[in-house]
Amino acid sequence: MFRHHRLRICLCVLAIASTDLGASEAESAPKAPAVPAERPALPSRSESMAAELARQLPSTEVLRLQASDEAFMALWRPANVAEPKGLVILLPGAGESADWPRGIGPLRRGLPDYGWHTLSVSLPDSPGLLPPATPEPEREPPAEEDGPSETPAADSDPQATPNEAGYLPEETATAPEESTSEAVQAEPDQAPSTEPDQGPQLVERIDGRIDAALAHARTLQPGLIVLLGQGTGGYWAARYLQQLAPEDVRHLLLIQPRQPEGQDDSLAQLVPALKLATGDFFYQNGTAARTEARERLNASRRIQHPAYHQVGLPALIDDRESEQQQLLRRVRGWLDKQP
């Protein structure tokens with residue numbers, strides 16, 4: 001009896017030992033590497049701003065256009081008159097949305113009251129894009145030096161202010177990170193450009209979007225098409241016209257134009273050579289902006305440009321709403337003077 005009891009004890013000890021050995025072997029066995037889950041690609045800054053605008057603005061204003069194999073957003077507003085004067089295609093600068101609160105947004109909403117359809121196009125981001133390229137005006141009085149602030153290249157006076165428009169800008173849709181972007185923008189005379197080199201793929205994408213905007217505009221038979229670019233958007237507009245020269249684009253408008261990094265041809269080379277009616281608007285209280293504007297003006301004089309007008313605007317830093325009303329009045333006044 002005692003012998004059987006001892007045997008049972010031995011069997012239990014062996015069972016426990018074998019269980020511990022199996023557990024230790026299982027723990028020491030190498031584990032299969034975990035396969036990381038694939039994350040969807042994050043949308044670009046321009047796509048995020050376009051999606052935010054599409055959520056905030058009326059669906060009647062939001063268009064989806066197709067450029068080659070990519071869709072993009074544009075904002076449409078018809079003219080608020082019985083007989084429209086034409087259609088203005090607006091190109092924002094780097095880092096700006098199609099309804100940017102300075103320049104692009106007020107113009108796209110205000111010009112329809114004076115007979116112009118507007119079509120504002122969202123442009124793709126530059127690789128590694130940092131905050132917007134259109135600089136804030138310098139917060140100091142302009143230096144007392146000769147500059148092209150009031151020097152048209154033709155007989156008419158570009159500083160002649162049309163009658164008061166009575167326009168009150170609407171509240172613009174808020175773009176993602178808009179306040180942060182404006183707060184950290186570089187001063188035009190101090191910080192180097194933050195925009196990286198522009199590759200051929202970016203240029204082709206921008207040209208494709210301008211193509212698509214023009215194709216849509218032509219379906220409306222507006223009679224007159226104007227291309228308006230702000231910041232680097234002004235450069236892309238001038239480059240497109242220089243490369244393709246569409247006959248139905250009669251006028252070019254530039255708002256504080258800027259040459260992107262990585263582009264060899266300067267605005268002083270591109271703009272005067274176009275020989276079409278050009279309104280060149282820039283803010284005077286920035287030394288770099290005045291110098292670049294003087295270069296464009298001198299280049300237009302050397303070739304006796306028939307219809308190049310330069311308009312220097314004082315920046316009303318403490319009154320943003322009045323500043324945008326001033327820009328709208330000057331732009332529509334320039335358009336009204338064109339034949």
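**View 1. R205 forms a salt bridge with E70, with 3.0 Å between the closest N and O atoms.** A salt bridge here is a side-chain nitrogen of Lys or Arg within 4 Å of a carboxyl oxygen of Asp or Glu. This pair links distant parts of the chain, since R205 sits in helix α5 (residues 200-219) and E70 in strand β2 (residues 70-77), 135 residues apart. Helices (H or I, at least four residues) and strands (E, at least two) are DSSP runs, numbered from the N terminus. E70 counts as buried at 18% relative accessibility, whereas R205, with a relative accessible area of 28%, is partly exposed; buried means under 20% relative accessible area, exposed over 50%, and partly exposed in between (1.4 Å probe, protein chains only). The structure is a predicted model, in which local features need pLDDT of at least 70 and side-chain atom pairs count only at pLDDT 80 or more, while totals for chains, interfaces and linings use all residues. Residues are numbered from 1 along each chain as its sequence is written, and side-chain values use heavy atoms, with hydrogens and water left out.

**View 2. K85 and D336 form a salt bridge whose closest N and O atoms are 3.0 Å apart.** The two residues are 251 residues apart and link distant parts of the chain, K85 lying in the loop between β2 and β3 (86-91) and D336 in helix α9 (residues 320-337). K85 is partly exposed, with a relative accessible area of 40%, and D336 is partly exposed with a relative accessible area of 40%. Helix α9 itself is largely enclosed by the rest of the structure, because 13 of its 18 residues are buried. The end C-alpha atoms of α9 are 26 Å apart, which agrees with the 26 Å that its 18 residues should span at 1.5 Å a residue, the expected span being 1.5 Å times one less than the number of residues.

**View 3. R239 forms a salt bridge with D207, the closest N and O atoms lying 3.0 Å apart.** R239 belongs to helix α6 (residues 232-244) and D207 to helix α5, so the pair ties together parts that are 32 residues apart in sequence. R239 is buried at 17% relative accessibility, and D207 is buried with a relative accessible area of 16%. Elsewhere, salt bridges that share partners join E61, R77, D99, R108 and R109 into one network, and a search of the whole structure finds twelve salt bridges.

**View 4. Strand β6 (residues 249-255) is mostly covered, with six of its seven residues buried.** Strand β5 (residues 225-230) pairs with β6 in the parallel sense over six bridges, where pairing requires that DSSP finds at least two bridges between two strands. G229 has L254 in β6 as its bridge partner. The chain crosses from β5 through α6 to β6 in a right-handed β-α-β crossover, meaning that, with the strands pointing away from the viewer, the path from the first strand over the helix to the second runs clockwise.

**View 5. Strands β6 and β7 (residues 277-283) run parallel and are joined by five bridges.** H251 stands opposite A277 in β7. From β6 the chain crosses through helix α7 (residues 267-273) to β7, and this β-α-β crossover is right-handed.
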